[in-house]
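Have a look at it first.

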Amino acid sequence: MSTRNWTGEVKPCVLMIFTGCRELREKLRKNFKVVCIEEIIKKKSEVKREDIVAVVTASECDEPIELYENILLYTNLKVLTNFGAGVNHIDIKFINSHGVKVANTPGVVSDATADMAMTLMLASARNLYLGITISMDKTSSLDRTSLPVGVDVCYATLGIVGMGSIGYEVACRAKSCKMKIYYHNRKRRSIEDENAVGATYCDKLHDMLPLCDFIIITCPLLPETKHMISEPEFKAMKRTATVINVARGGVINHDALYEALTSNQIRGAALDVTDPEPLPKGHKLRKLPNLIVVPHMGIHTVQTRKRMQDLVIKNLEAALSGQPLPSEVLI
């Protein structure tokens, strides 16, 4: 069974192994035959594995390597493109070893994610969630004398863990808040970049942490960054510090975070990402008053999702036409 586009040509077959973006599926269907992984597993699709030439996945997916293994063994796969910047869920070396390219959607997510980082920092600093809860409680009157007192963001010191495109956009925003900015990164950025945002490089993470009122994490999740922020790092922070994570939940050791928050080792935390994600009902972190958790919303804007969709399609079209991918992941 073949599907043809308006020119009468057979549409290339794309397998989607996530179902969270209806808009992307509809865009793909204009020039591709789209099949979902559930249809393959439940044998509800007439598409043969060897017909599949491309796979679209997403950063929130956590497919076992066996799934990719089967795809690679039984299809003529040319590209696996990720709807999102993070690719820690993909075994890139394994995929590449079969002659398949891997792409993602970096860059286009930087502004939205940086906005979320600043939103969480401001919300935590000013006890916004608690204030909303008090104001929206219809069973009690508002006692202004008991309102929680927040802390200033302006003129405070910010430490950025991971100064890639997202971290740099955070620094641009922090500069407008007159913050003193430090950053820790695998590689130091250029002097021009540092001067543009007024950032100071710290070669060692533990040299930076004691200086900061706020720490924003924007680094990728890699073997070397797994639980990068754990008990020693929390102990190195100011007791008045707040930690914000818009990277991946696994960068923070959540048991250590719980201890740091309950023992007042740090002032608070705000997370757009968790480990696991989402946090199970009844999880101990859900009960803490000095923690804000949102459901991985950093890239969820209309404009950003459209740019991500367009880049996914450009990656697919380039791979299938033998052209360089706009955003190939190279290791």
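## A covered strand

Strand E6, residues 157-161, is mostly covered, with 5 of its 5 residues buried (buried means under 20% relative accessible area with a 1.4 Å probe, protein chains only). Strands here are DSSP runs of E with at least two residues, and helices are runs of H or I with at least four, numbered from the N terminus.

In a regular strand, side chains alternate between the two faces of the sheet. Both faces of E6 are covered: Thr-157, Gly-159 and Val-161 are buried on one side, and Leu-158 and Ile-160 are buried on the other.

A word on where this comes from: this is a predicted model, in which local features need pLDDT of at least 70 and side-chain atom pairs count only at pLDDT 80 or more, while totals for chains, interfaces and linings use all residues. Residues are numbered from 1 along each chain as its sequence is written, and side-chain values use heavy atoms, leaving out hydrogens and water.

## Who sits beside E6?

Two strands pair if DSSP finds at least two bridges between them. E6 runs parallel to strand E7 (residues 180-184), joined to it by 5 bridges, and Tyr-183 in E7 is the bridge partner of Ile-160. To get from E6 to E7, the chain goes through helix H7 (residues 165-176), making a right-handed β-α-β crossover. Right-handed means that, with the strands pointing away from the viewer, the path from the first strand over the helix to the second runs clockwise.

E6 also pairs with strand E9 (residues 214-217), again in the parallel sense, over 4 bridges. There, Ile-160 stands opposite Ile-216.

## The whole sheet

Zoom out and you get an open sheet of 7 strands, paired in parallel in the order E8-E7-E6-E9-E10-E11-E12. E8 (199-201) and E12 (291-293) are the edge strands, each pairing on one side only.

At the E12 end, strand E11 (residues 268-271) pairs with E12 in the parallel sense over 3 bridges. Ala-269 stands opposite Leu-291 in E12.

What lines the second largest pocket? Its lining has 27 residues, and Tyr-129, Leu-288, Leu-291, Ile-292 and Val-293 lie nearest its centre. (On a 1 Å grid over the protein atoms alone, a pocket is an open set of points where a 1.4 Å probe fits, with protein on both sides within 12 Å along at least five of seven lines; lining residues have an atom within 4 Å of a point.) Helix H5 (110-125), helix H6 (128-136), E11 and E12 each give two or more residues to this lining.

Conventions
Buried means under 20% relative accessible area, exposed over 50%, partly exposed in between (1.4 Å probe, protein chains only).
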